[in-house]
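This report goes through the pockets and cavities of one protein model.

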Amino acid sequence: MELKAAWEKQKAFFSTNQTKPIAYRLQQLKNLKKLILDHEKDIMTALFQDLKKPEIEAYTGEVGYLLHEIDYTLKNLKRWAKGHVLKTPPINMPGKTYIFPEPYGTVLIISPWNYPFQLLLAPLVGSIAAGNCSILKPSEIAPHTSALVASLIPQYFAPEFISVVEGGVAETKELLSFAFDFIFYTGNSTVARVVMEAASKNLTPVALELGGKNPCIVTEKSDLKVTAREIAWGKFFNAGQTCIAPDYLLVPQSIEQKLTDLLVQTIQEFYGEDPQKSKDYGRIINQRHFKRVSELLQDGKVVAGGKTEEKDLYISPTLLTAVASDARIMKEEIFGPVLPIIAYNNLEDALSIIKQYPKPLVVYMFSKDKKEQTQIAQETSSGGICFNATLSYLVGSSLPFGGVGESGMGKYHGQSSFALFSHPKSILRRSFALRPKIAYPPYSIPLSYMKKLLNYILG
Ligand code: NAD
């Protein structure tokens, strides 16, 4: 009842139209920026408590990323909110045809635990920019970040505009039973189905930001040193708990040993002899995931890492070779610091492996060869493709981010966030002039003439 009252309060507030002026939205975005700047230290501490996030990773992957997204939105919102004019067909002249972005109304944002601050508030930036009221449901699996957000939001926002509901399955299910105007969910694809089913009862549109097995193809035509560094960084950042982390590596047999050696060397350069002692290496979120990822270590030959310590939730950066295609590690998203290395003979073989899996969030390829790049782009389907880089694919606000098929639906970041959280209302504004009588019944125009005229008047 309490949750329903919170949502009803937002519905009532939205209907007062107070969230619609651009000045209001800009002010709320500034409030969000202030919240982050005022509490940067608390946020970093909560992220450390939840995931032992290294300072640089917490700043770049969460706090700094969000600040940039807010600044970018502050700079561009007026322009985005104007909408755009379309060509007006002669039948509607004199007149104007245009798209006017309007807020949906009340929005529910449900987020996961791996980037618990950023993945809750980056969608909020878009929701505020579009003029919606929002209820935030942080992940209970990152309890320190969840509690911090729940304590900070009421200090900076009126609850009828933004409020936080902490909790797990029961609370989320209750929220999902209300007729929100838009639902934004980030997490796994099993729960995504629960979300979509609940949304269908109210015909509520959804955005689903999910995961999957992101392949990483290396070819002989790559700079192997840069490749090894990018892959190790992308895989072991946040201890592998990143939705766009390379999941498995596909490497030509001819260079498998060389790339493996370079990866081993890179891991040492990054994290030293004992990564457990490195300040730049994170931990697994909880016992359940520790157990799940530890079990995957048995699915191949460990060529680097393979060390675990349960009480520290530590799993070292690990490389696996000799992985069977039917092993569990090749059946599910790994979401941890374990990288299977799979050798292939030719690009066709690599493509046939990729095609065995549902559409991933991102396909990585390391190759200088434009022909090889084009082939991969044309023959695979994924949320996006990234050539010769890993995590920088996601940063910056210009490239829309999201999945396709099993990896999700709906793109966000930057202008795409504004578009995602807005309904693009189609508007025709006609003058009262030019209403020839022949356009109305009783029809006097011969059909043969109308056939000739129609294409012209529809434009
Ligand atoms: P999680 O367990 O924190 O769940 C996400 C949210 O769903 C939480 O708020 C949780 O309370 C809620 N939830 C869980 N079970 C539910 C149920 N039965 N009914 C209703 N709500 C429920 O996070 P997770 O799912 O383990 O997150 C990891 C997954 O998210 C991975 O697959 C990863 O690839 C994906 N991910 C995707 C992105 C992206 O942007 N595409 C980003 C991060 C993570």
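Which residues line the largest cavity?

## Largest cavity

In this predicted model, the largest cavity is lined by K225, A228, R229, L262, Q265, T266 and E269. Two elements, α9 (224–236) and α10, each give two or more residues to that lining. The most come from α10, which supplies four residues.

The space in the largest cavity is about 50 Å³. Its lining holds three charged residues, along with two nonpolar and two polar ones.

## Second largest cavity

The model has two cavities of 30 Å³ or more. The second largest cavity holds about 40 Å³ of space. Its lining consists of G212, N214, K235, G240, T242, C243, A245, D247, E333, I334 and F335. By class, these residues are four nonpolar, four polar and three charged.

## Largest pocket

Turning to the open spaces, the largest pocket has a volume of about 1100 Å³. Its lining comprises 42 residues, and those nearest the centre of the pocket are Y185, G187, N188, S189 and V191. Of the lining residues, 17 are nonpolar, 13 polar and 12 charged.

At least two lining residues come from each of α7 (169–176), β6 (182–186), α8 (189–201) and α11 (287–296). The element that gives the most is α8, with five residues.

## Second largest pocket

The second largest pocket has a volume of about 450 Å³. It is lined by 26 residues, with T60, G61, Y115, F237 and L391 nearest its centre. The lining divides into 16 nonpolar, seven polar and three charged residues.

Which element gives the largest share of this lining? That element is α4, with five residues. Each of α4 (55–81), α5 (118–130) and α10 (253–271) supplies at least two residues. Domain 1 (1–211 + 407–423) and domain 2 (215–394) each contribute at least three residues to the lining of the second largest pocket.

Key: Residues numbered from 1 in each chain as written. Predicted model: local features only at pLDDT ≥ 70, side-chain atom pairs only at ≥ 80, totals over all residues. Heavy atoms only, no water. 1 Å grid on protein atoms, 1.4 Å probe; cavity = no way out; pocket = protein on both sides within 12 Å on 5 of 7 lines; lining within 4 Å. Points joined across faces, edges and corners; volume = space filled by probe spheres on them. Nonpolar A, V, L, I, M, F, W, Y, C, P; charged D, E, K, R; others polar. Domains from an automatic or database assignment.
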